[in-house]
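Let us walk through this structure together, one step at a time. Could you have a look at the picture and then read on?

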Amino acid sequence: MSEYIEHDRNGASVGLVRKQFFTFAHPPESLRLESGARLGPVTLAYETCGRLSPAKDNAVLVLHALSGDSHVAGVYTPEDEKPGWWDFMVGPGKGIDTERYFVVCSNVIGGCAGSTGPGSPRPDTGRPYGLDFPVVTIGDMVAAQKALIDHLGIRRLLCVVGGSIGGMQVLEWTVRYPERVASAIALATTMRHSALAIAFNEVARQAIMADPHWNRGDYYDGPKPATGLAVARMIGHITYLSDEAMRLKFGRRLQDKSDFSFNFDADFQVESYLRYQGRKFVDRFDANSFLYITKAADYYDLILQHGAGSAVRAFAKARARFLVISFTSDWLYPTYQSREIVKALKKNGLDVSFCEIEADWGHDAFLLPNPRLSALIHGFLERVLREVRTSPDAL
Amino acid sequence: MRYDLQIIASWIDPGSHVMDLGCGEGELLSYLIARKGVRGEGIEKNEEKVAHCIEKGLSVLQGDMNEEVLDYPENRFDYVILSQTLQQVYEPDALIRAMLRIGRRGIVSFPNFSHWGIRLQVFFTGYAPVSRQLPYQWYDTPNIRVITLNDFRRFIRQIGLRVLKEAAIDTHSEDRYGRIVRVLPNLRATYGIFMIGK
C-alpha cells in the first residue's frame, strides 16, 4: 500500500489519538502458532476512536495491509503532518462514522509498528529476534487480534473491514470466529494469492535478502538493508498501480530535465517516484517484517485450510453479512478473485453484496479517497447496525 | 412506485424472502422491505445502480443475472422477480428455469408486443413500432425479444411450468397509475405480469 495519506479536505477528523499496547500470553502461557511454534509474550499496538456503546454492539475492527499499522485515523499530536492511513474513511461523518462506531485497529504480529515482530527483543536474550522469530500466518494475526477483542470486552464485532492482506484477515475472521462477527467488508482481496502475486513478493524478498547488510536478518546493531528494502518497495509500488494509473500519473515525462542524462540517474518521473517511495519506506519499515508479512500472505489459502480444496466448504461456518468490493484496474487481486469469494458465499446462502468500482488507480484504490467507496461502506454499516439492534440475538 | 411494481408487491407475502433480478436502484426491494417486512436481495449489472442500492442499505450484488442466478442454493427464495427485463434476455428458457430452481415462485413482467397501438403502427406506417413502453428504434434497442401475453403463456406451458397468477395492465413505462385489463388483454394491455411455478 502506498503513501497517499493527507489531511481531510473538509477538516473532519477524529482528532488526537494515542497508540496503546496490549500484552498477553505471558509465561508460562504462549500463543500457539499455526506452524506449531510458540510465541510469548505477545504485544499488540492498537488504536481506538469513537465510543463503545453500552451494549458493546458498535465495534468495527479495521485490519491493515502490508505496510499499514494501528494508526488508522487522526493524529498523535496537533503538529502531526500526517494523519492515520485511512483518515479519509474513518472519522466523524465519514464512511466509518466515529460518531456512531467504535473503531479498533491493531498492528499485525510480525509487524514493526509496536506489535511483536522480528525486530522485538527476545524475552530470553533481550536481543532482537531476527530470523529466530517464528513464521506467522494470517490465521495467527487474527488469533492475536481476537485476544485483543476479548480484552476489550467485545463479544461480537459489528464489522471487520480491511483491504488486500487486511482483506485476507477479514475473511479469516469470518470462518475462524463466525459467532464473533456480524458483518465483514473485504476490499480488493483474495482467498489465496495467485502465482503472479507470489512471484512479485518473492522478487521483493530476494531484493532484501540479496542486500549484504541484511546479514541473514541480523542487522539491528549495524547498517540496515536499506537498498534491498527500497527495491522491494519499488516492486510493490508497480503492482499497486496499473498501466492506466502510471500512464496518467507519469507517462514518459522526465524529472526536472528536458533531455536524457545519458547515465543511470533517474531520468523519468516514474523512476524518480519509485526511488523516492523506496527511500521513504526504509525510514519507517523493518526489512524482516516485510519478509514475514509477505510470506504470511503467500501462505494464506482459505480454500485449502478451511475448505479442504473447496471454496464453498471454506465458508460453511461463516455467518456474517458480507460486502465484497473490487476495483476494475486492480491487477494484483483482480475482480475475478473477488467474484470467487462472492460465489462461494452465495452457495452457502450467506447475505452478500458485491460491487466492482470503476477506478484507474489499481490495487491501491481502496487507500485513495473515493466517495463511492465511502458511501458503500457507510450504507452497509448502517444496515448491519439496524439489523443487529432490531434482533440482537440473530447474527 | 411504478404501477407494475405495485401489482407485483401486492402478490408478495409478508415476511418472505425475495430476489429481484435487475433490481435497478432498488425501488421495489426498498418498498417490500419497508411495507412487507421481506428479506430482499438483488442483482444488478450497472455499477452506479448497485452502489446506490448498497448505500441505501440493500443487499445487492453486481453481475450478469444470467450467471449470478446459478450460484444460489435450491429454493433459497420464496419469490424471484424479473421485471421488465425478459425482452432483453438472451436465453429466457435457461433463466426462467434457474429462477424456479432457486425460488419457489417466479414473477415475470414484460411489455406486451401485441397491444393494439403497436399493431396499428405496424399496419398503418409499415415501420417497426416505437411506443412509450418500447421507446427504441430497431437499431438501438436493447430489446431482442418480441413477446405477447399469448406467447408467454404458451412458452411457460411448453417448458413444463405453470402460470399461477396473471395480470394484464394498462399503464405507461414509469407511471404510478394504471388499471387492470380484463377484456381482450392481449390486445389492450401494455404490460403483462405473471406468477409462475413448477
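Helices (H or I, at least four residues) and strands (E, at least two) are DSSP runs, numbered from the N terminus. Counted this way, chain A has 11 helices and 12 strands. The model is predicted, so local features need pLDDT of at least 70 and side-chain atom pairs count only at pLDDT 80 or more, while totals for chains, interfaces and linings use all residues. Residues are numbered from 1 along each chain as its sequence is written, and chains are lettered from A and ligands numbered from 1 in the order in which they are written.

Start with the overall form of chain A. Its C-alpha trace spans about 70 × 50 × 50 Å along the principal axes.

Now visit two loops. Between helix 3 (195-209) and helix 4 (226-240) of chain A lies A:Asn215, which has a positive phi of about 55° although it is not a glycine. A:Asn215 is partly exposed, because 16 other C-beta atoms are within 10 Å. In chain B, the loop between helix 4 (65-68) and strand 4 (77-83) holds B:Asn75, with a positive phi of about 50°. B:Asn75 is exposed, because it has 12 other C-beta atoms within 10 Å.

Finally, see where the chains meet: 15 residues of chain B are in contact with 22 residues of chain A (C-beta atoms, placed from the backbone, within 7 Å). Helix 3 of chain B supplies the largest share of its side, five residues.

Conventions:
Two residues are in contact if their C-beta atoms, placed from the backbone, lie within 7 Å. A residue is buried if 20 or more other C-beta atoms lie within 10 Å of its own, exposed if 12 or fewer, and partly exposed in between; C-beta atoms are placed from the backbone.
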